[in-house]
Amino acid sequence: MANNSKLTRMVGMAKRAGKLDIGESRAEDRIRSGESFLVILSSDASANTKKKFNNMCNFRELPLIELWDRNVLGHCIGREFAVVISVADEGFAKQIIALNEIEVSEFGTAECNTPLNIERID
């Protein structure tokens, strides 16, 4: 997957729009408050981190995507590295999921664990 793909640009655009919470504690807070629409994990996150966020997302019926390694994920948002990102905008979340599915079909990489139709349960 190229570092200049539509998917990396969309994640970067969400960052510039202020719709990402980066890091475990900020992402956890956003998820618990019910304001997250998508969680992105780096493929090299620890097993404990993957389990923790997988359980949180399954409980809240949130989509979870595992993308790239921490360096590539960080690079597309202007940081040295990033392990956990929460997307706080439904439009960006849907676009990222759709672009991820396109790249998966083309390149056979990362997967999303829930379907594309995202509905909030309040």
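Residues are numbered from 1 along each chain as its sequence is written, and side-chain values use heavy atoms, with hydrogens and water left out. Because the model is predicted, local features need a pLDDT of at least 70 and side-chain atom pairs count only at pLDDT 80 or more, whereas totals for chains, interfaces and linings use all residues.

The secondary structure comes to five helices and four strands, where helices (H or I, at least four residues) and strands (E, at least two) are DSSP runs numbered from the N terminus. Read along the sequence, these elements follow the pattern α-β-α-β-α-β-α-β-α. Of the 122 residues of the protein, 43% count as buried; here buried means under 20% relative accessible area, exposed means over 50%, and partly exposed lies in between, with a 1.4 Å probe and protein chains only. The accessible surface comes to about 6600 Å², of which 47% belongs to carbon and sulfur atoms, with areas taken from the Shrake-Rupley method with a 1.4 Å probe, for which only the protein chains shown count as cover for residues. Among the contacts with a separation of 6 or more, 75% are accounted for by residues 24 or more positions apart, a contact being heavy atoms within 4.5 Å.

The predictor's confidence in each residue is given as pLDDT, from 0 to 100, and the protein averages 84, with 84% of the residues scoring at least 70. Among the elements, strand 4 has the highest mean pLDDT (96) and helix 5 (residues 90–107) the lowest (86). Over residues 110–122 the pLDDT is below 50, although this stretch has 37 contacts in the model beyond near neighbours in sequence. Where pLDDT is low, the predicted coordinates should not be read in detail.

The four strands form an open sheet with the order 1-4-2-3 and mixed pairing, two strands being paired if DSSP finds at least two bridges between them. Strand 1 (20–22) and strand 3 (64–67) are the edge strands, each of which pairs on one side only. Neighbouring strands of this sheet are turned by 20° against each other on average, direction ignored; the axes are lines fitted to C-alpha atoms, for helices over the stretch in contact, and angles run from 0 to 180 degrees between N-to-C directions.

Going across the sheet, strand 1 and strand 4 pair in the antiparallel sense over three bridges, and the bridge partner of Asp-21 in strand 4 is Ser-86. Strand 4 (residues 84–87) in turn pairs with strand 2 (residues 38–42) in the antiparallel sense over four bridges, with Val-87 in strand 4 as the bridge partner of Leu-38. Strand 2 and strand 3, by contrast, run parallel and are joined by four bridges. Leu-41 takes part on both sides, standing opposite Val-84 in strand 4 and opposite Glu-66 in strand 3.

Both faces of strand 2 are covered, with Leu-38, Ile-40 and Ser-42 buried on one side and Val-39 and Leu-41 buried on the other.

In helix 1, the buried residues include Leu-7, Met-10, Val-11 and Ala-14. An α-helix has 3.6 residues a turn, so residues three or four places apart point the same way. Just after helix 1, Gly-18 takes a positive phi of about 80°.

Glu-61, with a phi of about 55°, is found in the loop between helix 3 and strand 3 and is exposed, with a relative accessible area of 56%. Trp-68, with a phi near 45°, is found in the loop between strand 3 and helix 4 (70–75), but this residue is buried, with a relative accessible area of 12%.

Finally, the cysteines can be considered. Cys-57 is buried, with a relative accessible area of 0%, and Cys-76 is buried as well, at 13%. With a disulfide taken as a pair of cysteine sulfur atoms within 2.5 Å, the count comes to zero disulfides.
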